[in-house]
Amino acid sequence: MSDRQGSGHETVIARADHGVSRKDISPNALRVLYKLRDAGFEAYIVGGAVRDLLIGGHPKDFDVATNATPEQVRAQFRNCRLIGRRFRLAHIMFGQEIIEVATFRASGDDDTAVGDRQVHEEGHLLRDNVYGTLEEDAFRRDFTANALYYTVEDFSVRDIVGGYADVQARVLRLIGDPVTRYREDPVRMLRAVRLAAKLDFSIHASAAEPIPELAGLLASASSARLFDECLKIFLAGSAEKSFLLLERFGLLDVLFPDTAKALQTNRTGALRDMLLESLRQTDARVNADKSVAPGFLFACLLWPAYCRELAILQNSGAELSVAQQRAADRVTLRQVERIAIPRRFSLPMHEIWQLQTRFNQRTRKRVFRLLAHPRFRAAFDFLALRATGIPELAEELQFWEQAQTLAPEQLAQIIPGQSKPGNGESAHVPPKRRRRRSKPKTSDG
């Protein structure tokens with residue numbers, strides 16, 4: 001059992017002691033709190049928003065917990081809709097911002113709740129719509145740091161499970177027995193990794209120790225949910241830290257089994273170095289508020305697997321073009337069984353991979369055709385990543401870097417083995433294609 005169960009006694013951290021200010025809270029979230037309070041209900045900002053405010057962060061989302069049922073919440077707000085089957089939630093819309101309101105939930109351990117709580121025979125929680133008290137709601141959350149409640153009654157923070165001290169110590173600690181909680185929802189192991197990396201928290205030993213043994217449970221999680229979780233993990237500005245934790249706890253072997261195997265068998269370590277560099281660059285872009293294309297991200301994450309499969313196929317005698325297509329297809333088909341990568345991301349990923357062998361084909365026709373390819377820039381950025389660990393690609397990278405800055409006439413002059421255009425021929429016009437002979441017309445009779 002976790003050594004921080006709490007006795008259920010509520011600790012109130014006064015406004016003067018916690019430092020959370022209303023000016024850092026969404027005005028719309030405050031409107032929801034005040035309106036529910038004025039209607040006679042309890043209402044609190046809860047979870048990650050309170051945690052982040054306590055450590056000086058700036059939350060993007062604000063969730064509310066209340067003793068009002070979803071139907072009672074909807075009766076108070078005309079701009080509200082109810083969603084969800086496993087968890088019935090109220091979404092209150094303020095333009096682009098949505099304030100999510102959840103009713104306090106019970107543990108479901110008492111006899112009266114058994115009929116409304118469904119648990120799979122392996123321990124997975126299937127449906128949980130049992131309403132409870134503030135104390136019960138706190139005990140059914142995942143980490144103590146996420147079980148803190150901010151109220152506008154006296155602007156205090158309410159703590160029932162010792163979360164305030166854990167936030168101050170920057171430690172993630174599960175509420176309840178870690179093995180049971182991970183079996184209920186194996187994705188909690190990924191949440192532990194993501195939050196530890198994002199917040200620079202440590203994972204308490206009681207929560208960390210069972211992960212390697214239970215990592216295989218992730219294989220039973222929904223592939224669509226694992227895709228969403230991967231985007232959260234790798235697009236939060238802490239992708240490199242997250243990757244290293246996934247490796248450390250044996251979760252990478254479950255999420256990306258082909259990549260993990262390829263990294264383990266790559267003797268030079270070049271594939272791992274490139275992957276880590278790609279994650280560092282991803283973090284830099286996210287932290288600079290620049291976009292990251294998921295197709296490019298998965299191209300990096302699965303590149304080691306693709307390289308390994310390509311080598312196997314070529315060693316068996318397959319031609320390069322055939323091996324490329326088969327390797328891409330096989331790696332993707334195996335991966336989507338675990339993580340449901342949509343085709344709108346897997347297709348660009350394939351193109352990025354397959355364009356890599358075209359960078360060394362520098363005839364005039366191929367150079368101009370590659371520059372015009374819609375995926376050229378992404379493929380070039382991928383080439384630049386590869387060049388960080390492969391010095392032999394430096395000259396190739398330099399050529400294509402220069403090619404993007406030159407006018408067509410200038411570019412034609414630096415293409416290796418190409419003669420300068422003459423007789424007034426435009427340098428960027430490709431050779432004329434041989435005209436097809438028209439078929440002789442036949443009479444109908």
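Colleague: In S6, which residue is the bridge partner of isoleucine 92?
Modeller: This is a predicted model. S5 and S6 run antiparallel and are joined by 6 bridges. In that pairing, the residue of S6 that partners isoleucine 92 is isoleucine 99.

Colleague: Which residue takes a positive phi in the hairpin of S5 and S6?
Modeller: The hairpin leaves 2 residues between its strands. A positive phi near 65° is found there, at glycine 95.

Colleague: On the S4 side of S5, which residue stands opposite isoleucine 83?
Modeller: S4 and S5 are paired in the antiparallel sense, with 4 bridges. Isoleucine 83 has its opposite number in S5, namely leucine 89.

Colleague: Which are the edge strands of the open sheet?
Modeller: The sheet is open and has 8 strands with mixed pairing, in the order S1-S10-S9-S2-S3-S6-S5-S4. Neighbouring strands are turned against each other by 30° on average, direction ignored. An edge strand here pairs on one side only, and the two that do so are S1 (11-13) and S4 (80-83).

Colleague: Which residue of S10 is the bridge partner of threonine 11?
Modeller: S1 runs antiparallel to S10 (residues 157-159), and 3 bridges join them. Across that pairing, threonine 11 is partnered by aspartate 159.

Colleague: Which residue of S9 stands opposite isoleucine 45?
Modeller: S2 is joined to S9 (residues 148-150) by 2 bridges, and the two run antiparallel. S2 also pairs with S3 (residues 63-66) in the antiparallel sense, over 4 bridges, where valine 46 has aspartate 63 as its bridge partner. In S9, the residue opposite isoleucine 45 is tyrosine 150.

Colleague: Are the residues on the two faces of S2 buried or exposed?
Modeller: One side of S2 (residues 43-46) carries Ala43 and Ile45, and the other carries Tyr44 and Val46. Both faces are covered, and these four residues are all buried.

Colleague: At what angle does helix H2 run to S6?
Modeller: H2 (residues 27-38) lies across S2, S3, S5, S6 and S9. Its angle to S6 is about 35°.

Colleague: How many residues apart in sequence are the parts that aspartate 142 and arginine 191 tie together?
Modeller: The side chains of aspartate 142 and arginine 191 form a salt bridge, at 2.7 Å from N to O. Aspartate 142 sits in the loop between H5 (134-139) and S9, whereas arginine 191 belongs to H8 (residues 187-199), so the pair ties together parts that are apart in sequence by 49 residues.

Colleague: What is the N to O distance in the salt bridge of arginine 188 and glutamate 184?
Modeller: Arginine 188 and glutamate 184 are both buried. Their side chains meet in a salt bridge with an N to O distance of 3.2 Å.

Colleague: What is the relative accessible area of aspartate 137?
Modeller: Aspartate 137 forms a salt bridge with arginine 141, 3.0 Å from N to O. Aspartate 137 is buried, because its relative accessible area is 2%.

Colleague: How many salt bridges does the count come to?
Modeller: The pair of arginine 141 and aspartate 137 is a salt bridge, and so is the pair of aspartate 142 and arginine 191. The count comes to 22.

Colleague: Are H18 and H20 parallel, perpendicular or oblique to each other?
Modeller: The axes of H18 (residues 343-355) and H20 (residues 376-387) come within 9 Å and cross at roughly 60°. The contact is made by Ile352, Trp353 and Leu355 of H18 with Ala378, Ala379 and Phe382 of H20. The crossing is right-handed. Roughly perpendicular begins at 65 degrees, and H18 and H20 are therefore oblique.

Colleague: Is serine 278 buried or exposed?
Modeller: Serine 278 lies in H15 (residues 270-287). Neighbours within four places in sequence aside, serine 278 is in contact with Cys300 and Leu385. Its relative accessibility is 4%, so serine 278 counts as buried.

Note on methods. Residues are numbered from 1 along each chain as its sequence is written. This is a predicted model: local features need pLDDT of at least 70, side-chain atom pairs count only at pLDDT 80 or more; totals for chains, interfaces and linings use all residues. Side-chain values use heavy atoms; hydrogens and water are left out. Buried means under 20% relative accessible area, exposed over 50%, partly exposed in between (1.4 Å probe, protein chains only). Contact means heavy atoms within 4.5 Å. Two strands pair if DSSP finds at least two bridges between them. A salt bridge is a side-chain nitrogen of Lys or Arg within 4 Å of a carboxyl oxygen of Asp or Glu. Axes are lines fitted to C-alpha atoms, for helices over the stretch in contact, and angles run from 0 to 180 degrees between N-to-C directions. Angles under 35 degrees count as roughly parallel, over 145 as roughly antiparallel, 65 to 115 as roughly perpendicular and the rest as oblique. A crossing is left-handed if the near helix is turned anticlockwise from the far one by less than a right angle, and right-handed if clockwise.
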